[in-house]
Structures are given as structure tokens and as C-alpha cells.
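Here's a quick tour of a multi-chain model. Have the viewer open and follow along.

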Amino acid sequence: MSGPVVDIRDLSISFATDAGAVKAVDGVSLQVNRGEVLAIVGESGSGKTVTAKSILGLLPETATTGGAVLLSNRAGTSTSDVVTLSGKELRGIRGSDVSMVFQEPSTALNPVYTVGWQIAEGLRAHRKLSAGEAKREAVEILRKVGIPDPETRVNHYPHQFSGGQKQRIVIASALVLNPGLIVADEPTTALDVTVQAEILDLLRRLRDEFDTAIVLITHNMGVVADLADRVVVMYQGTVVEEADATTLFASPQADYTKKLLDAVPRIGQGRAHTEERARLRAERTAGAAAEVAVVEASGLVIEYPGRFGRKGFRAVDEVSFAIRPGEVLGLVGESGSGKTTIGRAIGGLTRITGGSLRVLGFEMLDFSERRFKPLRADIGFVFQDPAASFNPLLTIADAVAEPLVIHGRAKNPAAARKRVDELLEAVQLPKSYGDRFPHELSGGQRQRASLARGLALEPKLLIADEPTSALDVSVQARVLELFAELQLEFGFAALFISHDLAVVDLLADRIAVLYRGELVEEGTGAEVLGDPKDPYTRRLLASLPVPDPAEQAARRATLARIRQEAGDNQL
Amino acid sequence: MTTELVASVPPTSRGFWGRLPVLKQLRQSVGLQRGMLVAGLVIVAIFVLVAIFAPVIAPYGFAQLRDAQGPFGAQQPPSAAHIMGTTVGGYDVYSRVIWGAQTAVLVIVIAVVFSIFAGIFLGLVSGYIGGWLDRVLVVIGDAVYAFPSLLLAIVLSIVISGGQSSLWGGIFAAALSITVVYIPQYYRVIRAETIRIKAEPYVESAKMLGASTPRIMFRHVLRNATRTLPIIFTLNSSEAILTLAGLGFLGFGIEPTAAAEWGYDLNKALSDVTSGIWWTALFPGLAIVLSVLGITLVGESLNDLADPRLRGRKRVKAKSGTMSLTSVDAALPSDVEILEENR
Amino acid sequence: MTTALLPSDAPSPVAPTPKSAGGGLGRYLLVRFLLIFPTIFILVTLVFILMRSIGDPITAAQGGKLPADQLQALIHAAGYDRPVIVQYFEYLGQVFTGDFGNTLSDNRPVTQVLLTYGGATLELAFYALIVAFIVGIPLGMLAAYFRDRFPDAALRIFAILCYATPVFFAGLLLKLVFSVWLQWLPVAGRASTRTELAMQTLPNKTGIYLIDAIALGNPAAVGDVLAHAVLPGIALGLLTAGVFLRLVRTNVIGTLSTDYVDAARSRGVSEYRLVRRHAYKPALIPIITVIGLQIALLLGGAVLTETTFEWKGLGFQLAAYLASRDFVAVQGIVALLAVIVAVTNFVVDVIAALIDPRVRY
């Protein structure tokens, strides 16, 4: 074997923005060896994606690059510096020496061309070949990435494939010219965790069977542990640590790496908290008579009407559960499981169509906004996207004061300011932040403000819909911690909706697992995650990658066994 | 949404001037884009100034046929006394071009202000309330939108004024015709924005808090929905000038004795051209082209600057710039960090 | 001029978007087809209400010219003294059967006016569309390819000038330069008198001169017809070309910044091919929808162009009827144009749906 596939030396990249020049990468040096998976890990703004894109010379026109990116072809017979290449030379190496897999498979495929045509475009860009030959090669590569019936599927359009299949096609089109290196930018972030496991398996096969080197860009330590041979940790545009995967997870050297690894939620971590909370709750309610549930669903059905006389879509199907006062129920499920719909129904944003849903004693089946309004004071809500959940034209103080004004606790936002300041303090934001506009806060700070708004009226129930999924892992850890503290202090009941089992486990007293609108399993964290009964829960649990290469290898074996038992295509 | 957020980072560090719509965009713009915006602004400024100071600038009145030296004479070529010549009716072309700016500005202002108010109100109510009212309004709006606006304006001007009338009558007739024609455009834009904003989490969150419908509509939706108005406003103004000129050209404008109107003058110049008389057509025509060009340049530039995909940026040196921070929550976020996150 | 430069040139939100109709192409086409009728109904009603709000058409046309009793007799004979609501339903019934009334000034059925002059307008619109497509679409792609560089800026200014120049002014300038000064092309009309006389002899006249001239088998006649068409075609075509150019540029730049174009770029596809194939076709779907809305711009422009060039088509006739205050004719022609607009928009939406594989499959 000759030298590394790519050798990045002292790379610096700056961007022109409205706010002036911004440096994204500052003196990065790293190598990728043949046939190895190098993970570049970091949070948003670490420069990991920019570094990776520079290998293909794919940076936007506003970027200015310094340093060198020496890229070799698969045979190792030629090396060129991507930074200095002309447009024509760049096109020569793209696809044939290095190729890219994108984050979002649904946008990385052109909706108006067949997948076969799109795969063939890469071939046509580098070789002269007939339509028949191009199609044959496309079929061949689709077969290799595991698309069933490739002879027919090659003529299909992207919208006719599922998300996981689309990502396989994106990988196929990156692979078709057999490049020595593939840059995969968060290749599984947009996918559900069970699909993610399959794509990670496919990427592993690329390395093992095709001997292709992979640069894996990710923020997910579990994915790193699953796939990477070597890891580069980036922070603020520089490399803070570089080590092989086993060493990095076993004994991280840099403070930042340690902090990052600590912040990753692990299953089982929250159990001590949960037991503590259960004890406190028992003490509080000891004197009271039988508890009345804050939320009680029985046989809950929510259907979305079909248009033009077609059959409606049943998003929630005969679901029953209860949330008792002061209890946190974690609702887990993948996309399309109906978890968000349930949250919205409890908040009165979506009408229920069957069964029964009692919220604070109010039957939602015969909902009327006028009668429900007084109860809204007792329900807080925290949305997923902290950037979008604040009116961009109101200051944080005005936004937090909204519930107080609406429910008559204050005449106007100014009169509520004292209470707002207390709330901001409770969520550990400086009082002065009340005068800022939402875009002047970071994501984590906005989510804190969002919590302050949700708790302004000291509600009996808080609904949190994926409150941390838009945040970086270290920020997520702090927001989750704050959530737990506030819950202890205020004692509200909560519905915590998430796709991440580990996050839910950290906070929830009980966990309910949803799959395609049905509730498949419910119980305490110890019951559901310690000894899952339902095959779907088991598979979900086994698909969740953990930040430990050795343990992850074991889990992979478990997952393979579960899949075999289930007869792979059942799920 | 993101666009606006990025565009206005950070409002606190810039003064009052930095927040005025057009000036903010002027600062953002670079290179050719700035050139186009500046050129547009200059032309519009000249257009408005000419309109305001028409009585001072124009050597003669718009309906003046003679001065102390006697009648001007018809179809006189450009000379010292009439630098753009005289028309077939014996008016001074230069003076009528200047006065025409005043008519155009008056019509635009009246028409656009009326249609903005009506369009915003209808769009907001229809988009937010939805249901049958919305469906009916959309079908009506779409039908009117798809119909040739000039023809509709003709029909309306017949209805309003019976064809032709005095200065204010004529201006109002033209302005009202244009108003009705353009209401559907504002309506569509505001309705689409309202529907988009209605689904934003911050509106859902207001609903969740139990805010009343009027409170949501005016506190949360309205101001966010009207952010694109400067763009539509400029683009519609240019269309209003063209519609006004079209009406005048077909003889549905304002009588020459009531006010000067470029389209009417072009209509009268139609037969002149065949005999090679160019000055009666060229100057009013150029006035239309220039004013529409200026307004459209401003509108298009604003449109581009509002869209990050279409906005150009300066190039920078390799090692310049501040370092972008990761989301270290404890510290105050830098502008750059916020910018990165909002992207 | 309709909406040519509005930022939200998006297709209507309520006309079912292909996606929401999910149940397949057939259902989408049916729903879209049924939507034609309310559109026509609303426009016809609107025109009726507007035209009748200024009184009956006979008073409008003859008022002051005839003695009061004669006028009354005419009004009674035409039925304009009945309740408006009765007249309205009668009118709706007539429109439904394809009867748009008779003109007052020359007492011809409006449908016959359409048949006589419609061909001329169709021919003009055809020439204009050819100019618009040939000029607008390639230049739009070129501008997108060179975005933010000099050729782009020049092309954009050109597009804005095309749009900012009223067709009648463009027509006057073209006439002045090419007909009066250079004397290369005829000043006005659709053909010289000789050619028109020769075409009168044809047994099956189409009213579309190009076809009739070809049917004559006389190359000189074809040349004559084409020479007359050059200037009006360019004047009206450039207006539309400016809109197309801008539309293509914006949409192609939009699709050029998508992930799938980046993905193709990452496999070594050339920039030219990215614009020409990868970005253009997805951009085409919104472009076609908006082009459909430009039919209104084209028809409005046709009225002005025909007046400028004495091109005896529907627009020219409309202007003449307007001048003679024959509002029955005006109402008839405007109502007919409404039908044409509604049907054209339907056809365009169908074409857009057929291009989009997400609707086809």
C-alpha cells in the first residue's frame, strides 16, 4: 500500500458573511489511510463539514481556502492538491477519486429524473458509454447496495423509494465509479434509528468488501463507535484530538473530548433520578386520596381526513395511557409513529376522532376552545425547534410575558417584567436577556427561554415535544439537566416526546413506545429498556448505537440476531 | 424567515438608520447587486423629485398652447424654446413629460395604498380563518388574477368615469381601476404568508397559551406576514405605471386639458411616427421606460437581497475573520455563532 | 400588465396541487378540469355586473343621439327594461350555450367577430411566443450560469428593459427605425392589399394569414405575411421574453443551490450540464405554471400591439368597439377572453403535471 488517500495539511477556510469574514477552519492537518473509516466528530460550528467538503473542492464561492489537500487516486498512482486545481481538473477527480454521500437523502436525489439516469450521470461525466451500458452498470451497483429487484427499480423515480432506500441509492451513485474515498456527511442523521443501523452496515461493507476509505462526518458518538477505525475530534475549527477509536473512547485525552463523551446520554443513567423522584412523589401524595390522572387516554384514535373523498390517515390507533400528577411520561417512537400527534391533541391543537382523552378532567372528544381556555393556564408546552417557537419580532421578555398577559395575571408585558425576570433566573438566563430578540440567543438559550415561557403560569402539565433534538449534544445535556431540576422544583407532570431512547430514559418515570400509531409497550424505564417484551422495542433498543466500540460490536450482533428472528423485511 | 433573521443580525448594534428597510439592504449589497440597487434608487429619487417640483421645472403648463410670443405651433421639432419639440395638438413635449411624472406618482400612490390595505385585510382574514370564506375568496382572487389586468382596468374605468374626466376624477378613476386589479396580488401574497406563519411553532405556541384569535392575528401573524411588502410594493408600482400608460394609450386616460399623461401622448404620437416625427413619441416613451426601470431595479434588488440563495457576498482572504464558536452555552453567543445557527 | 414580476409567482394554493391530489393523475386532472367552471362563472358574472352598473348598453351607445321615445323602444325591444336578475340568468344561459350576444354597432354575433378576428390574434400570440421562447429561455439559463457576473447583470437589465418598455412604445420605436427610416419592413397591417385580395379567393380561409399564404402556394405572399409579422411579433414577444428570462434565471438559480445539484457536482458533472439538465428540468415545472399565467399578459399586450400596428385582430376590434361605446360587444369579447384564459391555464397545469413524475406515478 502506498501513502494516505488524502493528506490535509494546514488547511484554513474563511467565509464571507453579512457580519464580515468568518473563519471556519483554522490550521487543520489530518490523513485518511486506504480502506479505513476516519470519523470527524464535532458540534455545530466545529468546521467538520467544511473540512470534508474541501476534499472535493465543493465549497461555495464565498469561501477562501489556504493550505493543501493532497488527494490520491485509488491505485495510488497520482496525487493532486485539490486546493489549487482548476474547475476542469476538479471535475476529473470528483466521482472517480473521491465521492460524497449527503445528509438528507430526500433532497440529494433529483425528483424529476429516474435513479438510474442519476447514477449514470456520474459515469457519463467520466467515460463515453452507451445508454445500455450505463443502465447495466447502474443496475449492478443498485444490486450491490441492496436494492431489491434492481432491473425494475432502476427506472423508478426517487419518490417511489423509502428514506433508507434513497440513502442506499445516494451511496450507489457515489460508489459507481469505484472511488478510493467516500466522504459521508452525517449520512444517517436524517434517518430513523432502525434504518440508521442498516445504513451503517452498508457503509461497513463498503470498507470491508470494496476496500473504500470513508471520511465519516458526524456529531453522534454512537455512530462513531459503531463504524470508525480512527477519530478526529474538531472544536472551533481546529483538531483537538486524534486517536484510534478504541483508544479515544477508553481514554480520551483532550478536555473537550471528555466533556463531549460525558454529555452523551446513556441508557440506565437516569435510573437513580427516577427512583428518587418516585420516592418524593410518594411522600407528597401520601396524605392525599387516590390520585386523579392529569392526562388519561383510553382507546384514543386520531385520524386525519382524506382529501377528495379518499380514506383518511389513522395517525393514532387505540392508544391508552395515563400521566399521574408529578410524573414524567416518556413517549418514544420513530417518524410517523404518532407521538407528536398525541402531544398536539393533549394541547388542544389537534382534534381527536375516537376513544377518550381526558386532560385535567376535560374530555377532549367534545372540545370547545371557549371551555378549554381556562385550563390552558395549567398546560405548558415546549416545542422542538427553539428558533421557530419565538415570534421573531417580540423580545424574549415579551414572549415569556405572553401567557401572563393572556390569562390576566398581568395587564401588559411591562407589568409582568418582575415575574419574567424571576422565570429567566429559574432557567439560568441573565435577566438582561429579556431585552434581546430571539435571534440574539443561541439555540440552548432559546430553549431555556422556551422552558421559562412554558412554566410561567406554573402549569400542572408540561408537554415537551423533542425539546433537545435540534441542539448539540453538550447543550442538550445541560437543557435536560435543567429540565430535571425544574421538574423536581415545580413538581409538574410532563409528557416528554422524543425519538431518542437514551434521552427519554434520562428523564422519564415511565416510558411508552409507539410504533405506527399503536402503543406497543409501556412501563418503567427498568421494565421497558431492561427487559423489553415487544419485538419492535427490542429492535429499537438494539439499533441505538452506544458510545463504546466494544459494547457496540456486541449490540450489533444482538441486532443481527433480532433481525434474523423477525425475518428481516417485517419491519 | 431565516432570511430575515440572518439579514438583521444584529439590530441592536446598529442605529435607527440601520433598521430602515431599504438602507439595511443597501448596506448588505455588494458589487453588481449594489450597483443595480443604487441605480434604481437614483432613478426613483429623480422621478419623485420631478413629480413634486413639476410646477418649478416645467417651462410651460401641461395644457398651455401659447405664450407671449403667440401659439407654439403643432409638431415643431426640438428648438431652444421647446427643447423636445411640440405635439400634434400644439403642446410643449418637455413640459408634458415633466407634468406626466406628477400624474403617474399620484396614481401609483393612491392605487397602491388602497390595494395594499384591502389586500392585507382580505389575505389575513382569509388565510387565518380559512374554511369556506377562504375558498370562495381564493377562487375569485385567482379568476381576477389570471385575467388580463389591462382589460379589467378598461372595464373598470368605463364603470367609474364613463371613459374620461377631469384631473382628480381621471386620476381617481385610473387609480381605482388599478386598485381593484391589484388587490388579488396583495391578497395572494399575504394569504400565502399567513398560512405559512399559521403553522409556525410560535403561532401554535400562542394558540396553546389560549391567546384570542384577534390577538394572534395582529400580534403574531400580521407583522411577520407583511415583511415582503416593500418588494411587492415596488414591483406593483411599476406595473401600475404601465397599466396607467396602457389605459391612456387606448384613450381611457385623462383628458389632455386635465393633466399630462404619457400614455395619452403616445397615442397621439401614433400617426406622427409614420411621417417620421420622432420627438412626440420618444420622450414620453422614455419617461415611462425610465420610471419603470428605476422602480423595478429597486424591487428586484430588494427581492434578491431577501433571498439568501440569490444574494451575493464579498470574497475574503484565507486567514481573515473571527473564529466561529461552537454552541458553548455559558458564554454570550457571538453574532457569528447566532448567524451560523440560524442558517 | 399582469403580475409579471411578482415575487410570489407561485401557482394558486387552492387549485389542488399535484401532490395533495396523490390519488393519481386522473383524479388531479378531473379536479383541475372542474375548476375551470367556477373561474369562468366568476369572470362572466363580474363583467356582467360591472358593465351593467353603468346602465343599459343602448343608452350608453345611443344616448343623446336618438329621441327619448325611440331610445325606449330600442331598450324595450332588446329586453333591457326587465329586472337585471332576469337579464343576468338569460345571459348566463346564453354564455353556457356559446352565445355571447350581438354587437350593437354592426349587429354581428360576438362569436362571429371572434371567428373573423380570433385567428389574427392567435397568429400574433404565436409569433410573440416564438420570440419569447427563443430569446427568454436560453438567455435565462445563460444568466443563471453566469450569475452575479457581468453577463448576468447585462441580461437582467435587458430583461427589465423588455418589461419596462410598454409594447406600444416598443412598437412605435421599431416602426420608426425599421419602417420609416430604414424602410425595411411595412409600417402596419397584416399583409399588403395584393396578398389580402389573393387570399380572399381561397375556398377555405382560416383567417390565419401564414397558413392561408402557404395554401396559396405563392412564396411572395408568404414572405409578405412574414414581413408584416416581424415587428408586431418582436414588440409583443420581447415583453414576454423579459418575463421568461427572469423566471428561468430565478428558478434555475434556485434549483442550482439544491442538494441534488451539489450531489451531481460531487460526481464530476460539468457546470454547463448541471444548468442544462440537472437544474433546468426541475425548474421547468414552476416555470410552466407561471408561463400559463402570462397568457393574461400576452392578451393584454395583444390589444396594445394590435392598436399600434393596425393588426386587425380581436384586440384591435375591442379597442374599436370601446371607442364606439358598444358595450355589448365589449362584454362579449371580454367574457370570451375569460373562457380562453381559464382553458389555457387548465392546459398549462396539465402539461406541468405531466412533466412532474411525482404526479405521473
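## Chain C at a glance

Take the contacts in chain C with a separation of 6 or more: 71% of them are between residues 24 or more positions apart. Keep in mind that this is a predicted model. On secondary structure, chain C has 16 helices and zero strands. Its C-alpha trace spans about 85 × 55 × 40 Å along the principal axes.

Of the 361 residues in chain C, 57% are buried. The accessible surface of chain C is about 14,500 Å², and carbon and sulfur atoms hold 69% of that. As for charge, you'll find 26 positive and 21 negative side chains in chain C, with the centres of the two sets 10 Å apart.

## The nonpolar cores

The largest nonpolar core counts 144 residues, and Phe47(B), Ile154(B) and Leu250(B) have the most contacts inside it. Helix H6 of chain B (residues 93-129) gives this core its largest share, 14 residues. There's also a second, separate core of 95 residues, with Leu58(A), Ile141(A), Ala174(A) and Phe210(A) among them.

Back to Ile154(B): leaving aside residues up to four places away in sequence, Ile154(B) touches Leu247(B), Leu250(B) and Phe252(B), plus Leu322(C).

## A covered helix in chain B

Helix H10 of chain B (residues 201-208) is mostly covered, with seven of its eight residues buried. Those include Pro201(B), Tyr202(B), Glu204(B) and Met208(B). Just after H10(B), Gly210(B) has a positive phi of about 90 degrees.

## Domains of chain A

Chain A is assigned domain 1 (98-178) and domain 2 (271-391 + 459-531). The C-alpha centres of these two domains of chain A are 41 Å apart.

Technical notes
Residues numbered from 1 in each chain as written. Chains lettered and ligands numbered in written order. Predicted model: local features only at pLDDT ≥ 70, side-chain atom pairs only at ≥ 80, totals over all residues. Heavy atoms only, no water. Domains from an automatic or database assignment. Core = buried A, V, L, I, M, F, W, Y, C linked by side-chain atoms within 4.5 Å. Buried < 20%, exposed > 50% of the residue type's maximum accessible area, 1.4 Å probe, protein only. Helix = DSSP H or I, 4+ residues; strand = E, 2+ residues; numbered from the N terminus. Contact = heavy atoms within 4.5 Å. Areas by Shrake-Rupley, 256 points an atom, 1.4 Å probe, with all protein chains shown as cover. Lys, Arg positive; Asp, Glu negative; His and termini not counted. Charge placed at Lys NZ, Arg CZ, Asp CG, Glu CD.
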